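My notes follow, one topic at a time.

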Amino acid sequence: MKILAFAGSTSSTSINRELVKFVLKDFQNEEINLIDLNDFDMPVFSVDREKKGFPDEAHHFLKVIEECDVIICSLAEHNRSYSAAFKNVFDWASRINVKVFQNKPMLLMSTSPGGYGGGNIMNTAKTFFPQFGADIKETFSLPKFYENFDLESGVINPEMLKDLKTKIESFKNQIGNS
């Protein structure tokens with residue numbers, strides 16, 4: 001099975017990337033493509049720019065989705081919405097193929113330093129991603145990242161770790177990989 005994994009952030013210290021990397025430890029026997037949104041840097045989307053053609057990076061983003069079997073992502077929340085970097089990649093890609101996620105099964109996550117754990121963006125993504133071809137099988141939101149996560153150990157809150165592991169197992173079962 002080919003897994004496409006990414007964080008919806010371009011930060012070199014992305015906590016969402018750390019969450020994705022932690023979850024990927026449960027998929028060590030799979031082919032993993034952990035991408036960095038920095039590799040998909042393109043001009044800010046506009047209809048005027050679209051008339052001049054689509055950036056190669058937008059096509060490349062869609063290609064890596066096409067080549068995977070499942071998607072594992074964790075979205076950064078900036079001012080209660082997607083990060084500008086993710087939104088820009090998403091905007092360009094959706095103009096080429098409105099079904100950006102190409103009906104791939106998805107484990108959708110979010111985390112933040114605050115107590116809501118990126119809940120605003122999680123709620124938005126759960127509502128809109130299916131309209132763009134995401135088959136969301138499970139979701140997980142980790143609040144208070146710096147209190148509940150350790151870079152060496154991963155999720156250190158026992159209840160949250162149990163919840164995450166249960167959702168990973170459920171995801172694996174739903175995609176036929178246990």
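**Helix α5**

I began with helix α5 (residues 119-128), where Gly119, Ile121, Met122 and Ala125 are the buried residues. Buried means under 20% relative accessible area, exposed means over 50%, and partly exposed is in between (1.4 Å probe, protein chains only). Looking down the axis of α5, I found its buried residues within an arc of 160°, so they line one face of the helix. That arc is taken over the directions from the helix axis to the C-beta atoms. An α-helix has 3.6 residues a turn, so residues three or four places apart point the same way.

What do the buried residues of α5 pack against? They pack against β3 (70-75), β4 (77-78), β5 (81-82), β6 (104-111) and β7 (134-142). Contact here means heavy atoms within 4.5 Å. Helices (H or I, at least four residues) and strands (E, at least two) are DSSP runs, numbered from the N terminus.

**Ground rules**

This is a predicted model, in which local features need pLDDT of at least 70 and side-chain atom pairs count only at pLDDT 80 or more, while totals for chains, interfaces and linings use all residues. Residues are numbered from 1 along each chain as its sequence is written, and side-chain values use heavy atoms, with hydrogens and water left out.

In the model, residues 1-141 are 34% helix and 26% strand, and their end C-alpha atoms lie 25 Å apart.

**Helix α1**

Next I took helix α1 (residues 15-24). Seven of its 10 residues are buried, so α1 is largely enclosed by the rest of the structure. The buried residues are Ile15, Asn16, Leu19, Val20, Phe22, Val23 and Leu24. At the start of α1, a side-chain oxygen of Ser14 comes to within 3.3 Å of the backbone nitrogen of Asn16. I counted a polar contact as a pair of N or O atoms within 3.5 Å; within protein, one must be able to donate a hydrogen and the other to accept it, and residues adjacent in sequence count only if both atoms are side-chain atoms.

**Cysteines**

How many disulfides does a search of the whole structure find? It finds zero. The cut-off is a pair of cysteine sulfur atoms within 2.5 Å. The sulfur of Cys73 is 11 Å from the closest cysteine sulfur, in Cys68, too far for a bond. Cys68 is buried at 4% relative accessibility. Cys73 is buried at 0%.

Asn148 sits in helix α6 (residues 145-148). Is Asn148 buried or exposed? At 8% relative accessibility, Asn148 counts as buried. A polar atom of the Asn148 side chain lies 2.8 Å from the backbone oxygen of Pro143. Leaving out residues up to four places away in sequence, Asn148 touches Leu142, Pro143, Gly154, Val155, Ile156, Asn157 and Met160.

I then moved to Met160, in helix α7 (residues 158-174). Met160 is partly exposed, with a relative accessible area of 21%.

**Positive phi**

Most residues other than glycine have a negative phi. I noted Asn79, whose phi is near 50°. Asn79 is in the loop between β4 and β5 and is exposed at 81% relative accessibility. I also noted Asn103, with a positive phi of about 60°. Asn103 lies in the loop between α4 (84-96) and β6, exposed at 56%.

**Salt bridges**

I required a side-chain nitrogen of Lys or Arg within 4 Å of a carboxyl oxygen of Asp or Glu. The count comes to eight salt bridges.

Asp26 and Lys165 meet in one of them (2.7 Å, N to O). This pair links distant parts of the chain: Asp26 is in the loop between α1 and β2 (31-34), and Lys165 is in helix α7, 139 residues apart.

Arg95 and Glu50 form another (2.8 Å, N to O). Arg95 lies in helix α4 and Glu50 in helix α2 (residues 47-50), so the pair ties together parts that are 45 residues apart in sequence. Glu50 is buried at 15%, whereas Arg95 is partly exposed at 44%.

My last entry is a network of salt bridges that links Lys63, Glu66 and Glu67.
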